[in-house]
Amino acid sequence: MQEILNAATLGSIYLLFALGMALAWGTIGILNFAHGATFVFSVLVAYMMTRDGSLPLPVILVVAMAAGAALSVATQLLVFQQIVDRSKNQRSTELRIIIGGIGVSAILIAFAQRVTASSPFGFNTSYSASQIRIAGVHLSTTALIILIAALGIGVGLTRWLKKSRQGLALRAIGVDAEVSEGMGVNRNGLALGTMAMAGALAGLAGVLLTLQLGAIAPESGDPLLIKAFAIIVLGGLGSMGGAVLGAYILAAAETLLIHLHFGTWVDAVSFGLIFLVLLLRPQGLFGRKEVRRT
């Protein structure tokens with residue numbers, strides 16, 4: 001039971017990080033490789049604000065989520081939207097967006113390394129975790145917050161995309177952006193809102209992971225990018241429910257390997273799942289098959 005709880009906590013951390021990336025990629029077609037740097041930069045802002053004293057956890061969450069949302073919107077306006085406006089076809093657009101995201105990530109990570117002298121950093125908060133023991137299983141209040149936040153946001157975001165008017169518009173953009181715009185969907189406005197939401201989720205994930213570990217490094221977002229990519233491919237592009245399931249499947253597989261003393265193979269699981277899914281079911285567990293019109 002303790003191992004199951006550990007896997008659920010790890011899966012919740014992966015899910016909080018991956019949801020923003022999955023939302024942007026599955027709806028507006030932005031594969032944001034700066035998402036990991038946004039995750040780190042949000043915590044860096046909280047770190048800089050708490051150098052002279054501690055702040056309550058809710059305040060830190062608001063600050064980090066606002067910083068992540070603002071940075072993602074700026075990236076969309078100054079980088080991704082400029083690329084979309086200047087590209088001639090979809091293939092070149094996707095490639096340039098990936099390169100642009102990598103460039104933004106490199107700049108932000110270099111800034112974080114400069115501020116922190118490439119050392120792990122965290123933030124000062126008045127919050128202190130306590131332990132809960134249920135039927136011999138240990139659960140920290142931090143892990144409980146992570147579990148509730150991940151499942152609540154994952155389920156809520158899935159329902160919002162399916163039931164709300166804005167969610168329907170976003171899904172329509174994911175299917176056919178040109179037809180959606182012709183029917184009155186404001187793609188640019190929705191893109192900014194989507195990127196703001198993705199950045200806020202990155203900030204939330206950054207604070208909760210830092211709270212769980214005590215500190216993160218400027219490069220901590222890079223490994224999570226691979227995990228998120230594996231989760232999205234496994235669950236299926238455009239499926240929030242698939243991302244939820246994919247996060248917990250990946251975490252369960254990694255936890256099982258560690259339990260069996262194969263910890264050095266943990267990172268290979270992410271790549272292995274990507275290769276396996278792309279070979280056997282390219283659309284993922286819950287993704288739809290791509291339809292191209294001539």
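1. Let's start in a loop: Ser118 sits between helix H4 and strand S1. Helices (H or I, at least four residues) and strands (E, at least two) are DSSP runs, numbered from the N terminus. Ser118 has a positive phi of about 60° although it is not a glycine. With a relative accessible area of 45%, Ser118 is partly exposed; here buried means under 20% relative accessible area, exposed over 50%, and partly exposed in between (1.4 Å probe, protein chains only).

2. A word on what you are looking at: this is a predicted model, in which local features need pLDDT of at least 70 and side-chain atom pairs count only at pLDDT 80 or more, while totals for chains, interfaces and linings use all residues. Residues are numbered from 1 along each chain as its sequence is written, and side-chain values use heavy atoms, with hydrogens and water left out.

3. Ala117 also belongs to the loop between H4 and strand S1 (131-134). Its phi is near 60°, a positive value in a residue other than glycine. Ala117 is exposed, its relative accessible area being 61%.

4. Now to the helices. Two packed helices are described by the angle between their axes and the distance between the axes. For H2 (residues 35-49) and H9 (residues 221-235), the axes come within 8 Å and cross at roughly 135°. The axes are lines fitted to C-alpha atoms, for helices over the stretch in contact, and angles run from 0 to 180 degrees between N-to-C directions. H2 and H9 are therefore oblique to each other: angles under 35 degrees count as roughly parallel, over 145 as roughly antiparallel, 65 to 115 as roughly perpendicular and the rest as oblique.

5. H2 passes H9 in a right-handed crossing. A crossing is left-handed if the near helix is turned anticlockwise from the far one by less than a right angle, and right-handed if clockwise. On the H2 side, the contact (heavy atoms within 4.5 Å) is made by His35, Gly36, Phe39 and Val40, and on the H9 side by Gly221, Leu224 and Leu225. These residues divide into 4 nonpolar, 3 polar and no charged. In this scheme Ala, Val, Leu, Ile, Met, Phe, Trp, Tyr, Cys and Pro count as nonpolar, Asp, Glu, Lys and Arg as charged, and the others, Gly among them, as polar.

6. How many of the residues of H9 are buried? H9 is mostly covered, with 11 of its 15 residues buried. Among them are Gly221, Leu224, Lys227 and Ile231. The buried residues of H9 pack against H1 (2-27), H2, H8 (187-213), H10 (240-259) and H11 (266-280). The length of H9 also checks out: at 1.5 Å a residue its 15 residues should span 21 Å, and its end C-alpha atoms are 21 Å apart, which agrees. The expected span is 1.5 Å times one less than the number of residues. Just after H9, Gly236 takes a positive phi of about 110°.

7. H2 has another partner in H4 (residues 90-116): their axes come within 9 Å and cross at roughly 30°. That makes H2 roughly parallel to H4. H2 passes H4 in a left-handed crossing. Residues of H2 including Val40, Phe41 and Leu44 meet residues of H4 including Leu108, Ile109 and Phe111. By class, this contact has 11 nonpolar, 3 polar and no charged residues.

8. H10 and H11 pack at an angle of about 145°, their axes lying 9 Å apart, and their crossing is right-handed. H10 contributes Leu250, Ala253, Glu254, Leu257 and Ile258, while H11 contributes Val266, Val269, Ser270 and Leu273. The contact of H10 with H11 has 7 nonpolar, 1 polar and 1 charged residues.

9. Take Val269, found in H11. At 14% relative accessibility, Val269 counts as buried. Not counting residues up to four places away in sequence, Val269 touches Leu250, Ala253 and Leu257. Val269 and Ala251 are 18 residues apart along the chain, and their C-alpha atoms are separated by 9.8 Å.

10. Finally, is Gln76 buried or exposed? Gln76, in helix H3 (residues 57-86), counts as buried at 3% relative accessibility. Leaving aside neighbours within four places in sequence, Gln76 is in contact with Ile30, Gln81, Ala191, Leu192 and Met195.
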